[in-house]
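Student: I am new to this structure. Please show it to me, and then let us go through it.

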Amino acid sequence: MTTPEAPAGAYLDHAATTPMSRAALEAYLAEAGRTGNASSLHSTGRAARRAVEESRESVAASLGARPSEVIFTAGGTEADNLAIKGIFWGRRRQDPRRTRVLVSAVEHHAVLDPAFWLAGHAGAEIVLLPVDGAGRLDLAALRAELVEHADEVALVSVMWANNEVGTLQPVRDVVRLAHQHGVPVHTDAVQAVGQVEVDFAASGVDAMTVTAHKLGGPIGVGALLARRDLPLEAVLHGGGQERGVRSGTLDVPAIRSFAVALAETVAARPERAPHLAALRDALVAGVRAADPQAVLRGPEPAEGDGLPGGAPARLPGNAHFTFPGAEGDSLLYLLDSAGVQASTGSACQAGVPQPSHVLLAMGVPELEARGALRFSLGATSTTGDVERLVAALPQVVERARAAGLVSGLVGAGGAA
Amino acid sequence: MRVLAAMSGGVDSAVAAALAVEAGHDVVGVHMALSRNRDQFRTGSRGCCSIEDAGDARRAADVLGIPYYVWDLSERFEETVVADFLAEYEAGRTPNPCVRCNEHIKFEALLDKATALGFDAVATGHYARVVTHEAPDGTVARELHRSPNAEKDQSYVLAVMGPDRLARAMFPLGGFASKAEVRAEAERRGLSVSAKPDSYDICFVADGDTRGFLRDRLGSRPGEVVDTAGNVVGEHDGAYAYTVGQRKGLGLGRPAEDGRARYVVDVQTSSNTVVVGPAELLSVDRVAAEKAVWFEAPPLGTVEPGWLDDVEVQVRAHGTPVPARARAATAADGTPAIDVELTGRPLRGVAAGQSLVVYRGTHVLGQGTVARAWRD
């Protein structure tokens, strides 16, 4: 019963969530069977506290941070909210002129939505930093913004790797520019950890979001790594369990399991990443062969992807395509019926597919953006998964294009 | 068969999907998103298009163990159903948006996309029966019939689909004689929507205020209300918001000189004038309908050549069918039309734009849109 169940069929949606590792599941179950509030002072509480603090040390060691910099949260979304709102409020308290929030236009909604909430409720001004056609941040735009408004900037938030198209962002360059102007940097590294090398201290960022369920841990736990000198206000108020900026009884089993999965994935990365990159390259080649009209979005896979010392352009486990003339939801349904599980990669509102803000920011026309599919690989991915996709794809794309025609999805080039 | 079950989030479509699954079909649930604005249609269970309804549909699909997708048909809905609704009112006619939705959305946009994706049929929770007859040569003829549940019967709003689309439609609730039975079936299967209230009104007019919706979209256009002699008896905010046969909400200050109730007898949008008059002016026994669809080659009657002599026609969703004779005709622009002569009592307040359905007993023979109605 402690063996994680692999998803049936070809599961190509590891960026949504990836199976728990056996060790992480065992750690979870072991802790879940124990009683203990880590804030209690008696022996039962102390045992729970010890499990939390060992996990904190482990998480810190895995990510190049100090234990005191680890703030456990209930996942990536909470960590992003804490970073955006908490740093904004903290910085503005130091100097009320600091109202500008600089975020890349391709951030996850967990960053964009709190930022725009601040604009609507707390007088923030949001600056969406543009990206190029591959989804990579325009550093010149960031520089210009900082030169012009440095005194008014509360924070910069640029993700480590994009969740849709897998583009890796020049985080170190962002840090260098921002720190020249004394502006703190937050990065959402949810997709990056386990796929590329992520070192909190070496990166120079002031705050970083990580989550467990994208790397073999349980859903519902994550962390914000935050430097001790970073002004950070609380978002969740209460018992103040985590450094006074995050309240809520600590989820000991989830935290322990998170730490185990993280250590495991970081240790496995040097071997796993080149394997994922090779699988991904086969997937990209296979998709292009199956549908010559398919357009790879994000950077072209580079030699360095997944290799130690390489300078990767995109996540080794990510491939993202648009299929002209087809709609993403048609492709998704047809693939699912063929036993292949992928994602349109974009946010859904009540399940209604919206054209991806990431693709639109990259300059992809809306009509083409509607035909997007993301394939993401993980620890359990096999060549068989890729083969199953490539075998199913020609008929799937043909049918989806026929449906696109009757849906009036024309002009994208592929259907006619 | 591969069946796409259209799931609104209500109890009827949930049970229809369940019955399709139990009949052994390979079923996928699809909820149609008809508004891009997340809040526009969000008024509890009043319409069929709110976020809560999408969640209810998903929950039902999960209980049935079938895949579930949301298809965004909001653009098509706006371009066809809403645009037609506005244009028809603006032209002084009285549209039925549910008919247009069946015509353009459920049995066109949805059905065509489903067909392209490899589905054999679309199942909906409508109350209507499909009766099949196998001919000696093995071909199967499909007929659209009224539901045995007279109160819920929806054959009237379905007739517009015509025979080609009927061939790919499934109405699993066709045999149900009462809504209570459907609710019991939902409950028996653990579908949480079993006690959900029925939807009424027009789904995109969230608060039920059609006149307010028209004013918002078409603007205020003040004008006069006159009697049949041309005397000004009141004012209005836009003639488009009135419908022939309407009695309530006329806001006429003074009673008629003869003290009798007054009805809208004509809506003249060119002069932005609403004409009111006594009830007898609303009585009609001749109706001409356009954009006709027939379920078979226009059928012939026996008494007089070309005329179907023992039919009934219905001009409102829950209106009473009246005896008539009807024949296939051709409109001035060459498109199929229907001529109707009432043979029993007259109809009152038949407005242009209403859907007219020709029945023989429970059998739907044809459908058209009322172009004009008059007293012979």
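Tutor: pLDDT is the predictor's confidence in each residue, from 0 to 100. This is a predicted model, in which local features need pLDDT of at least 70, side-chain atom pairs count only at pLDDT 80 or more, and totals for chains, interfaces and linings use all residues. Residues are numbered from 1 along each chain as its sequence is written, with chains lettered from A and ligands numbered from 1 in the order in which they are written.

Student: What is the mean pLDDT of chain B?

Tutor: In chain B, 93% of the residues reach 70 or more. The mean pLDDT is 89.

Student: Where in chain B is the pLDDT below 50?

Tutor: Where pLDDT is low, the predicted coordinates should not be read in detail. That caution has a place here: the pLDDT falls below 50 over residues 38-48 of chain B.

Student: Which element gives the most to the side of chain B that touches chain A?

Tutor: Residues are in contact if their C-beta atoms, placed from the backbone, lie within 7 Å. By that rule, 16 residues of chain B meet 15 of chain A. With four residues, the element that gives the most is β3(B).

Note on methods. Contact = placed C-beta atoms within 7 Å. Helix = DSSP H or I, 4+ residues; strand = E, 2+ residues; numbered from the N terminus.
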